[in-house]
Amino acid sequence: MEDERSFSDICGGRLALQRRYYSPSCREFCLSCPRLSLRSLTAVTCTVWLAAYGLFTLCENSMILSAAIFITLLGLLGYLHFVKIDQETLLIIDSLGIQMTSSYASGKESTTFIEMGKVKDIVINEAIYMQKVIYYLCILLKDPVEPHRISQVVPVFQSAKPRLDCLIEVYRSCQEILAHQKATSTSP
Amino acid sequence: MVLKAFFPTCCVSVDSGLLVGRWVPEHSSAVVLAVLHFPFIPIQVKQLLAQVRQASQVGVAVLGTWCHCRQEPEESLGRFLEGLGAVFPHEPWLQLCRERGGTFWSCEVTHRQAPAAPSAPGEDQVMLIFYDQRQVLLSQLHPPTVLPDRQAGATPASTGGLAVVFDTVARSEVLFRSDRFDEGPVRLSHWQSEGVEASILVELARRASGPVCLLLASLLSLVSAIGACRVFRLWPLSFLGSKLSTCEQLRHRLEHLTLIFSTRKAENSAQLMRKANTVASVLLDVALGLTLLSWLHGRSRIGHLADALVPVADHVAEELQHLLQWLMGAPAGLKMNRALDQVLGRFFLYHIHLWISYIHLMSPFVEHILWHVGLSACLGLTVALSLLSDIIALLTFHIYCFYVYGARLYCLKIHGLSSLWRLFRGKKWNVLRQRVDSCSYDLDQLFIGTLLFTILLFLLPTTALYYLVFTLLRLLVVAVQGLIHLLVDLINSLPLYSLGLRLCRPYRLAAGVKFRVLQHEAGRPLRLLMQINPLPYSRVMHTYRLPSCGCHPKDSWGALCRKLFFGELIYPWRQRGDKQD
């Protein structure tokens, strides 16, 4: 079962949340971030090239212009490969674990998998981010030595930063699975 | 809990048979290791499983049946498969079924005993997780979870379910030793059933390594015995040995070579990686050293270098003389105390004159020395670089001497000034109580003290300027030596084998796993593909770094500035084995 809804992130940009219910014990949430805008790309390229041309008129060395082209190309490639995240996915599988995938604009994917035995709970937290107060969804991990303490807080959807309404949807679905997991794990 | 069945991808299209593997009750997971084909004799199967259990300490058993047929199994086949459950009792009994050419699977789980509490309908779901057996066998999870018991099945529940799967597959290697060309009593399908993987070169190297290692280990022990003999403990040689970085680097390399050629087998994978990294580092070092050697000895570059060396030393000495003449005049417009200026300036000028005479004395031998030093590059680039650092230290020895004189003089002056300043205020340093106390001085004590204080204070700018200039020169030389040491450290500690492994065989170093949901149909069990998530490069570097020579900066920046201000001598690099101050 698959459905798609659109939400907005904390800056007002549009996000698309795709939910897939594979089975009662497996759900996937996919948040797509706004794409790289042509306007900002043109603006940055023009600034860099104008600055390089200004330097060229001062120094009369044509290496500056080729260096500016190289820098722009390399910078764009580096930005697409290391910085710009296109999609963030949360896959939660009952009694196996939670998997978070970030896909970058260049196609690279970085995945983290947390086993269910280490997960204590999923909560929505408040945080002060620059001049705003925002909500974010995070996974609380158990301390291996003392099961009642929390050893780590892992935030989810860090670069998409959706608003509370989107987070509540994801939170409800995850809690259903976690509740089911807790109920069955205590039974022998 | 949802039942997880880990199924190897190599067995997805094999014929029907029995599922052989391990059942982990704490995580409710069944790890299928191989498929045993019909026909078979149950007694032989049980014997084989008992052998495997004993050899590998893994609780291998028959977990269920696997059916790969043209259409859905008929009634009689279904009853036959269930009847097998009576021959090989296992709780729970799995029945996996796949249509030939179809994509969807079905899985039934039968519990022989009635469950203790009535379970809700649909409770017993099954999840199929496919894994690549070869990759899981060869990979190593980081951080390594230590599974303490090697008895069959006694795994504590606190370890993750995935670590158990990896461990099970890795320990069941004895099950994978036979392939379909062996004439055994049973026919198994697993990742090696098409033919056991082996390499002739690896086998030959393994046979040859025994005697070669023995020979080289004895040679190396001979060398280290010579190095440890009494002659080298006597004063001049031991002092030189501790100060020269070349000796340090040679000792380090000797340790590495002893590690590589030691006849003891590596106990765990971390030690194996360490050995492999050391071999790669030594090979790279020697290769770079030989390149440097061929470059130096070609086209008589050594001759050019030797011809250029003495004029360069002359030039440096001339520049120093100019600097001292400048200091003896009115440097930067400051007015120096004439007499002290002349004394210090003339003293240092005489020093430089002596140094130049020594360099000219040595000039006919320079080419021979350089030629022999160049030969040392065949021991490795790091040795050549350490030699270069030592030669720089020797050639700038006069700068070091000037720095020591200037620093000592300045230090004495500062201490004298602080003590007389206390006297000027009527206080004294109490050594017993380690604090400043008031003290009543006599008039003549006060008079002499104030006089000396004034003299020292007005002579301070001259001494401070000499100290500043020579400290800057010394810091420049130390910076150059530091850069060379950094490069040597880099070559020493880079884990090349691990980085190469991460580049070419990323599944060997695993940070974790990742799952992908395969095509799903309602009513069928969920199918997932488990893949290895490789370790990021930064963690590879951090985990497998070789221990370096131990030349770390001794002081923090604050302590260094404090030492410079008070005129204490600075030795920025701490060598291994230096006594603590």
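My entries below go through the ground rules, the chain contact, the annotated spans and the cores.

**Ground rules.** I am working with a predicted model, where local features need pLDDT of at least 70 and side-chain atom pairs count only at pLDDT 80 or more, while totals for chains, interfaces and linings use all residues. Residues are numbered from 1 along each chain as its sequence is written, chains are lettered from A and ligands numbered from 1 in the order in which they are written, and side-chain values use heavy atoms, with hydrogens and water left out.

**Where the chains meet.** I looked up contacts (heavy atoms within 4.5 Å) and found 15 residues of chain A against 18 residues of chain B. The two chains bury about 1500 Å² between them, 63% of it on carbon and sulfur atoms; buried area is the accessible area (1.4 Å probe) that two parts lose on being put together, summed over both. On the chain A side, Tyr22(A), Ser95(A) and Leu96(A) lose the most area to chain B, together 30% of what that side buries.

Which elements of chain A each supply at least two residues of the side that touches chain B? I noted strands S2 (14-23), S4 (85-93) and S6 (109-115), plus helix H3 (164-186). S6(A) gives the largest share, three residues. Helices (H or I, at least four residues) and strands (E, at least two) are DSSP runs, numbered from the N terminus.

I then counted zero salt bridges between the chains, taking a side-chain nitrogen of Lys or Arg within 4 Å of a carboxyl oxygen of Asp or Glu.

**Annotated spans.** An unreviewed UniProt entry marks residues 36-56 and 62-82 of chain A as "transmembrane region"; such annotations may be inferred rather than shown by experiment. I checked residues 36-56 of chain A, and the span is 90% helix, with end C-alpha atoms 30 Å apart. Residues 62-82 of chain A are 95% helix, and their end C-alpha atoms also lie 30 Å apart.

**Inside chain B.** Is helix H4 (residues 161-171) of chain B mostly covered or mostly open? Mostly covered: 10 of its 11 residues are buried, meaning under 20% relative accessible area (1.4 Å probe, protein chains only). Among them are Leu162(B) and Phe166(B), and Met530(B) is in contact with both.

The largest nonpolar core has 54 residues, of which Phe515(B) and Met530(B) touch the most other members. H4(B) provides its largest share, five residues. Such a core joins buried Ala, Val, Leu, Ile, Met, Phe, Trp, Tyr and Cys residues through side-chain atoms within 4.5 Å.

Key. Buried means under 20% relative accessible area, exposed over 50%, partly exposed in between (1.4 Å probe, protein chains only). Lists of a residue's contacts leave out its neighbours within four places in sequence.
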